[in-house]
Amino acid sequence: MARKQKKQIFRYECSLTGESFKTTKKAKNPDELVSVAAYYEMHPEKEDRPEHILKEIQEQAEAKELI
């Protein structure tokens, strides 16, 4: 019977927002990694997310402010 391979998980932190995330691949330049939110904050002209996603993000931000 074959052994199940374990996936190695790498945890990184966004240098701009401080948000942490995990990947299954090792990053070549972990200091240069940014979150999706930080990327769109730096490049607003490239905003191509659907309206329902933008609305959901805005609602989450408002909920955070209330807490």
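The following conversation concerns a predicted model.

User: How many aromatic pairs does the structure hold?

Analyst: The structure holds one aromatic pair. Its rings belong to Tyr 39 and Tyr 40, with centres 5.4 Å apart.

User: Is that pair stacked or edge-to-face?

Analyst: The planes of Tyr 39 and Tyr 40 lie at 75°, so the pair is edge-to-face; the cut-off for that class is over 60 degrees.

User: Turning to Ser 35, where is it placed?

Analyst: Ser 35 sits in the loop between strand S2 (20–23) and helix H1 (36–42).

User: Is Ser 35 buried or exposed?

Analyst: Ser 35 is buried, its relative accessible area being 5%.

User: What does Ser 35 touch?

Analyst: Leaving aside residues up to four places away in sequence, Ser 35 touches Cys 14, Thr 17 and Glu 19. Glu 19 also belongs to the lining of the largest pocket.

User: What volume does the largest pocket have?

Analyst: The volume of the largest pocket is about 320 Å³.

User: Which helices supply its lining?

Analyst: H1 and helix H2 (51–66) each supply at least two residues. The largest share, five residues, comes from H2.

User: What classes of residue are in that lining?

Analyst: The lining has four nonpolar, one polar and four charged residues. Among the lining residues are Ala 37, Arg 49, Leu 54, Gln 60 and Lys 64.

Methods. Residues numbered from 1 in each chain as written. Predicted model: local features only at pLDDT ≥ 70, side-chain atom pairs only at ≥ 80, totals over all residues. Heavy atoms only, no water. Phe/Tyr/Trp six-rings, centres within 6.5 Å; stacked < 30°, edge-to-face > 60°. Helix = DSSP H or I, 4+ residues; strand = E, 2+ residues; numbered from the N terminus. Buried < 20%, exposed > 50% of the residue type's maximum accessible area, 1.4 Å probe, protein only. Contact = heavy atoms within 4.5 Å. 1 Å grid on protein atoms, 1.4 Å probe; cavity = no way out; pocket = protein on both sides within 12 Å on 5 of 7 lines; lining within 4 Å. Points joined across faces, edges and corners; volume = space filled by probe spheres on them. Nonpolar A, V, L, I, M, F, W, Y, C, P; charged D, E, K, R; others polar.
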